[in-house]
Structure formats: C-alpha cells, structure tokens
Amino acid sequence: MTERQIENRIKKLQAIEAQQKVLEEQAEALKAEIKADMESKGLDELETKNFIIRWKEIISNRLDGKALKAALPEIYNQYCRVSASRRFTVA
C-alpha cells in the first residue's frame, strides 16, 4: 500500500470507530433505562412477549495474584505463565 492509501484507510477507520462509540453510548443509555426500571420495580428478571431480561448479581471467586505474589512469591513464580500478544495502535 502507498502512504496515501494507508492515510485514507486510517481516516476511514477513525470515522467508523467514532460511529461505533456513538452507538455504544446509545446502547448503554438504553440498558441503563431498562436497569433503572427493573430496579424501581424490584425485579431481577422480566419477561415480555418476546424477551426475558435478567439483571442479576453474580458472585465469583477470583485469585488475587498481587496478594499471592506478595505473600508467597516462590509459589506465584512456579505457577505464573507468560503470554504474548500484539497491539495495534494509531497515534
């Protein structure tokens, strides 16, 4: 690709990402309205003609890696695994 083609693709990408952000904000606003309505009615599940909406508290137990590393660093290092990834950024 030429530099001009890359520039055009980046501009198009930025426009799409801006549209995506607007849509995500609209979706979050709608979710907040539904959650507020369910909360005011004291519901954690709501059935309509076409949908079942659930907004329930989920409790999970997770390992606190920071605390484990501080308390037992040798155990932490024994079970720690390395992972690699790549990140795409435009600045």
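Guide: E45 is partly exposed, because its relative accessible area is 30%; buried means under 20%, exposed over 50%, and partly exposed in between, with a 1.4 Å probe and protein chains only. E45 forms a salt bridge with R54, and their closest N and O atoms are 3.0 Å apart. A salt bridge here is a side-chain nitrogen of Lys or Arg within 4 Å of a carboxyl oxygen of Asp or Glu. In general, side chains of opposite charge can pair when their charged atoms come close.

R54 counts as exposed, because its relative accessibility is 53%. E45 also meets the side chain of K56 in a salt bridge, at 3.6 Å from N to O. K56 lies in the loop between β2 (52-54) and α2 (65-71), while E45 is in strand β1 (residues 45-47), so this pair ties together parts that are eleven residues apart in sequence. Helices (H or I, at least four residues) and strands (E, at least two) are DSSP runs, numbered from the N terminus. K56 is partly exposed, with a relative accessible area of 44%.

The model is predicted: local features need pLDDT of at least 70 and side-chain atom pairs 80 or more, while totals for chains, interfaces and linings use all residues. Residues are numbered from 1 along each chain as its sequence is written, and side-chain values use heavy atoms, with hydrogens and water left out.

The structure holds four salt bridges. One of them joins E28 and K31, whose closest N and O atoms are 3.6 Å apart. Both residues lie in helix α1, three residues apart, which is about one turn of the helix. An α-helix has 3.6 residues a turn, so residues three or four places apart point the same way. E28 is partly exposed, at 45% relative accessible area, and K31 is partly exposed at 44%.

Helix α1 covers residues 3-41 and has 39 residues. From its first C-alpha to its last it reaches 57 Å, close to the expected 57 Å; the expected span is 1.5 Å times one less than the number of residues. After α1 comes G42, with a positive phi near 70°. Along the sequence, the protein chain follows the pattern α-β-β-α-α, with three helices and two strands.
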